[in-house]
Each structure stands twice: as structure tokens, then as C-alpha cells.
Amino acid sequence: MYMTKTWNKVKEIMKKDPRYPIQAYQFVFEALDYTTNMLGKNQQKTSDVDRHVTGKQLIEGNRKYALKQFGFMALTVFEQWGIKQDEDFGNIVFNLVESGLMGKTENDSRDDFKNIYDFKKAFDEGFK
């Protein structure tokens, strides 16, 4: 039931902002989980503040998770999803925040996802 509500909300987001497919949203959820676990901020923490990750932490988690999941094909997968720069991840995250599917603090902004790394270097050279 919970997952159905979540994916229904994601489908609503996609109607308003059709730039990214559902797979991109699923990836961001998975990358968030990967990042929180990587940083020791897993779901056993009691408060949202204890589990919170910054945009910079999430974008780095996205990079590591993508290389783990897709290897040298990460850049190709992202291009198919319409993700061409780190800022696209910020758009996805803030679409999720605005729909209530992710939280943020007053210090978080879309700018946290801008110009963190060069995609080609992060995924092509990062894989080698």
C-alpha cells in the first residue's frame, strides 16, 4: 500500500515535470538509501535530522551508487533518462521534496546540486 501511494505521487510529479522517467526517481530513492547507509545514517535513527544528508553528500552517493549499479554504462543510462548534469538530480530531489516524498532542512536548496562534478569525468574517468 505504502509503495503504491509513493509511486502514484511520482506519477503525479511526472505529469507536472515530464523531463525524467520513473526509473530516474527510483534510482534517486535507491541512491538515497545507499548514501544514508554509506554514511551510517540508516533507518534505525529516530529523527529525520539524524538521517538527513546534504545535497553534496547525496550527489556523491549517486555517483558511487551509479558506478556500482551500472559501471561504465552509468553515463549512457543517465543520458537515456534525460540526466545530463548534476543539477538534474537536484530537480528530481526537489520534485520529491515538493511532493512530500523526501524531506529537506531550511539550509537545503537546488543550488546544492549545481556544479558538484563534471559528468564525463565523474562517470567515464571515475570508472577507470
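Visitor: Is Trp 81 buried or exposed?

Guide: This is a predicted model, where local features need pLDDT of at least 70, side-chain atom pairs count only at pLDDT 80 or more, and totals for chains, interfaces and linings use all residues. Residues are numbered from 1 along each chain as its sequence is written, and side-chain values use heavy atoms, with hydrogens and water left out. Buried means under 20% relative accessible area, exposed over 50%, and partly exposed in between (1.4 Å probe, protein chains only). Trp 81 has a relative accessible area of 12%, so the residue is buried.

Visitor: How many aromatic pairs does the structure hold?

Guide: Rings of Phe, Tyr and Trp (its six-membered ring) pair if their centres lie within 6.5 Å; planes under 30 degrees apart count as stacked, over 60 as edge-to-face and the rest as tilted. The number of aromatic pairs in the structure is 18.

Visitor: What is the angle between the planes of Phe 27 and Trp 81?

Guide: The two rings lie 6.0 Å centre to centre and form a tilted aromatic pair. Phe 27 is buried because its relative accessibility is 2%. The planes of Phe 27 and Trp 81 make an angle of 50 degrees.

Visitor: Why is the pair of Tyr 34 and Tyr 65 tilted?

Guide: The ring centres of Tyr 34 and Tyr 65 are 5.2 Å apart. Tyr 34 is partly exposed at 23% relative accessible area, whereas Tyr 65 is buried at 10%. The pair is tilted because the planes of Tyr 34 and Tyr 65 stand at 45 degrees.
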